[in-house]
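Q: Please take a close look at the aromatic rings of this model, at how they pair, and at the charged groups beside them.

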Amino acid sequence: MGLSHRLNACLQFLRLRRSSHWDKPTLLDEYLESPLKALVVRLYCLLLWLRGSPMKPPRNRPPIKVVCLSDTHGMIVPNVPPGDLLIHAGDSTQGGTALELQAQIDWLDSLPHRHKVMIGGNHDIFFDIKTRGDEDKTQQTRVKFKSVKYLQRQSVTLAFKGQRRLNVYGAPDIIGSGGPASSNAFQYESARHPWHKAMPKDTDILITHGPPKHYLDLNLGCSGLLQAHWRVRPKLHIFGHIHCGRGQRAVFWDTCQEAYEKFLSREMRGPIWDLVPNGQWLDVANIIIFGISSIIWKWVMQGGHSEGGMLINAACQDGNKGRLSTKAPITVEL
């Protein structure tokens, strides 16, 4: 083992560096990749906070409360908040058998939400005929969805109080994770993604198992899904898969967001070359200029509400520790 490997192993042991790209980067990881990126990501989050909520329920109509789950991996989440719509964004099981899926569906069915929607994930191999276990194939096992609507590259229109309706599209597909194809369902190569014109343009809520590039994804998301996201611009996009990416992020579909994504799409140059003037600096200037102008436009010129959406990584796991997070499931009102 070389000196650099030994040093890296020591830093990982001291928890100064992450041991896997599935883990959340440490401050040292961020600095070594790009101190400029670490600064810009935090600056952009500040700009989003100053801009306020990207959406709010329509006036004189009752709000629709959406409760978001993902990556339960066969575990029962305690104290799920009440709401109008419950969404599970995949990996409800660990082994993916029909028996495990039925247990999770029975649990979701027992919850009081008016509508419940779920999709599959890479662990839910029963849902993918190419990866379904031999025992389930031989016995031709079935699952009963009861009150739960299962979407596999499908849309459904849901009715709510106040004559409100939401169009929901769900798909389980993820970029290949490198594991055995027989134990990971719905995988695709990033260069051959399935998202081109996959979801209808009138989609209000998009549910995928994997995240789009650059957002709550530890840099493991799909650029093709991000392109589709810009085309559809849903009010809400719920996903999971990347446990350590759990959280929520506003999007506004504007020049500030374009500049931010352009910056993140560039190759990061490290702590030394970040100091040398390059195209990234122009991206940063644009983020600041467009960000400040958008804040002024909202709070001074327009004085109103900006139209945008929300991205939610709803993973219920406590990182990659194999246990549930103690944090309550993320909820949002539309």
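A: What follows goes through the ring pairs and then the charges placed over rings. The model is predicted, so that local features need pLDDT of at least 70 and side-chain atom pairs count only at pLDDT 80 or more, while totals for chains, interfaces and linings use all residues. Residues are numbered from 1 along each chain as its sequence is written, and side-chain values use heavy atoms, with hydrogens and water left out.

Rings of Phe, Tyr and Trp (its six-membered ring) pair if their centres lie within 6.5 Å, and planes under 30 degrees apart count as stacked, over 60 as edge-to-face and the rest as tilted. There are eight aromatic pairs by this rule. One of them joins F126 and F127 edge-to-face, with 6.2 Å from centre to centre and 65° between the planes, and both F126 and F127 are buried, a term that means under 20% relative accessible area with a 1.4 Å probe and protein chains only. Y188 and W195 also form an edge-to-face pair, at 6.3 Å centre to centre and 80° between the planes; Y188 counts as buried because its relative accessibility is 10%, and W195 because its value is 1%.

F126 and F127 belong with F145 and Y150 to one aromatic cluster. The charged end of R132 sits over the ring of F126, 4.1 Å from its centre, where sitting over a ring requires NZ of Lys or CZ of Arg within 6 Å of the ring centre and within 35 degrees of the ring normal. The charged end of R51 likewise sits over the ring of F252, 3.8 Å from its centre.

Definitions and conventions: Buried means under 20% relative accessible area, exposed over 50%, partly exposed in between (1.4 Å probe, protein chains only).
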